[in-house]
Amino acid sequence: MKTDWRARNHPAWWAFLVHRISGIVLTLFLPFHFWVLGMALNDAARMDDFFAWADRPLVKVAEAGLVILLAAHLTGGLRLMALEFLAWRGWQKDLLAVAAGLTVIAGVVFAYVV
Amino acid sequence: MSDFLTVRVWRGDEQGGFQTFEVPRLESQTVLDVVSHIQRQLDPTLAYRFACRVGMCGSCAMTVNGKARWTCRTHVAKVAADGNLELAPLAHLPVVRDLVTDMSAFFDKWARARGQFHPTATRKDPFARIRPDSAQRINADAGIECIGCGVCYASCDVVQWRPDYLGPAALNRAWTLVNDERDGAQAERLRAVAGDAGCHACHTHLSCTERCPKHISPTAGIAGLKRAAMKAALRGDL
Ligand code: SF4
Ligand code: SF4
Ligand code: FES
């Protein structure tokens, strides 16, 4: 029999899911990111047009979302490295809370700055 | 507390289905008490396993309301406050019948992970002196109380995704031996657990750690194996 979905309802499994989904979304975003950066070399005017277009609330919200995903993926990755490389003494759930906290802070700071 | 529990119990093999029973609710009732009541009073053909009833033998694990648990030490009040219980065989193991799984694959993997102790001394030699406060002794202690119940194995997604994965219990066992100074099969063991189906396949979901009824963290041991394998590889020993 397969794992029942109810068995996955615990913080570390949700952390895995967030890490996986943020990783996939960021991977999909990267080519687009490089494409826009590439405009700086090939067609600066077009890039300016693009930035003008991007200067609207919905895009800003999407950018904030990306920053949150990036922060989640980064802190989640640091958490995993700590889990793998440090000796264990029962601080594993605190680490998860720290990762989630830093993610929220990054999102709030970004929203405040833009 | 209502007077009766509604208990859905898995019947048959993998293609089976749930059958519902009404079981009287009692004070301090364990999930195993419920299963025993059904088998003794309602349907003697129900197949299930238990032996010690006190959390030592590791034979009574089942899926209780979706989560793998030892049933002899799981109180109904804790898992079925609303009076509904759903009992199924452990996941990731072939179902023999009803609540009984074939655990051979689970235990074969302990052997594949070199879970046997390989002595380096004979009975004529003096006792090995291991300091209780040495890091290795502390590491081994953290994993040594495993009762082989299979709860971690049934909770691990990686076991489902790649059936050859050695799994948390076998790797936890290997880790206790990696920390046993008296053992003489260290290189073979590290080779056995460092393959694709070994410690590096673990995704650190921590489901095993979350569910182990003995509060062991196989994930911690697996992380230790990853570090040991990495160090051995850097030394060129792997
Ligand atoms: S931590 Fe590793 S062994 Fe434990 S459940 Fe997760 S993937 Fe499986
Ligand atoms: S590690 Fe825990 S859950 Fe896994 S077999 Fe041993 S006692 Fe059971
Ligand atoms: S019956 Fe032995 S552990 Fe539950």
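**A word before the figures.** Helices here are runs of at least four residues that DSSP labels H or I, strands are runs of at least two labelled E, and both are numbered from the N terminus. Keep in mind that everything shown is a predicted model.

**Figure 1. Chain A is built from helices.** With that definition in hand, chain A comes out with four helices and zero strands. Read from the N terminus, its elements go α-α-α-α. The radius of gyration of chain A is 18 Å, well over the 13 Å that the globule rule gives for 114 residues, so chain A is more spread out than a compact globule. If you box up its C-alpha atoms along the principal axes, you need roughly 55 × 35 × 25 Å. And how much of chain A is buried? Of its 114 residues, 30% are.

**Figure 2. Here is strand S5 of chain B with its partners.** S5 covers residues 84-88 of chain B, and four of its five residues are buried, so the strand is largely enclosed by the rest of the structure. Which strands does S5(B) pair with? One is strand S1 of chain B (residues 4-11), which lines up with S5(B) in the parallel sense over four bridges. To find your way around that pairing, look for B:Thr6, which stands opposite B:Asn84. Another partner is strand S3 of chain B (residues 61-64), which runs antiparallel to S5(B) and is joined to it by two bridges. In that pairing, look for B:Thr63, whose bridge partner in S5(B) is B:Ala88.

**Figure 3. Ligand 1 sits among residues that include several cysteines of chain B.** There are 13 residues around ligand 1, and the closest are B:Cys156, B:Cys202, B:His205, B:Leu206 and B:Cys208. Sort the shell by class and you get eight nonpolar, five polar and no charged residues. As for the space that ligand 1 takes up, this is the second largest cavity.

**Figure 4. Ligand 2 takes up the largest cavity.** Which residues surround ligand 2? There's a run you can follow along chain B: B:Cys146, B:Ile147, B:Gly148, B:Cys149, B:Gly150, B:Val151 and B:Cys152 are among them. The shell also includes B:Ala169, B:Cys212, B:Pro213 and B:Lys214. By class, the shell around ligand 2 has eight nonpolar residues, two polar ones and one charged.

Terms used: Residues numbered from 1 in each chain as written. Chains lettered and ligands numbered in written order. Predicted model: local features only at pLDDT ≥ 70, side-chain atom pairs only at ≥ 80, totals over all residues. Heavy atoms only, no water. Near = heavy atom within 4 Å. 1 Å grid on protein atoms, 1.4 Å probe; cavity = no way out; pocket = protein on both sides within 12 Å on 5 of 7 lines; lining within 4 Å. Sits in = over half its atoms within 2 Å of the grid points. Nonpolar A, V, L, I, M, F, W, Y, C, P; charged D, E, K, R; others polar. Buried < 20%, exposed > 50% of the residue type's maximum accessible area, 1.4 Å probe, protein only. Pairing = 2+ DSSP bridges. Rg over C-alpha atoms; globule rule 2.2 N^0.38 Å.
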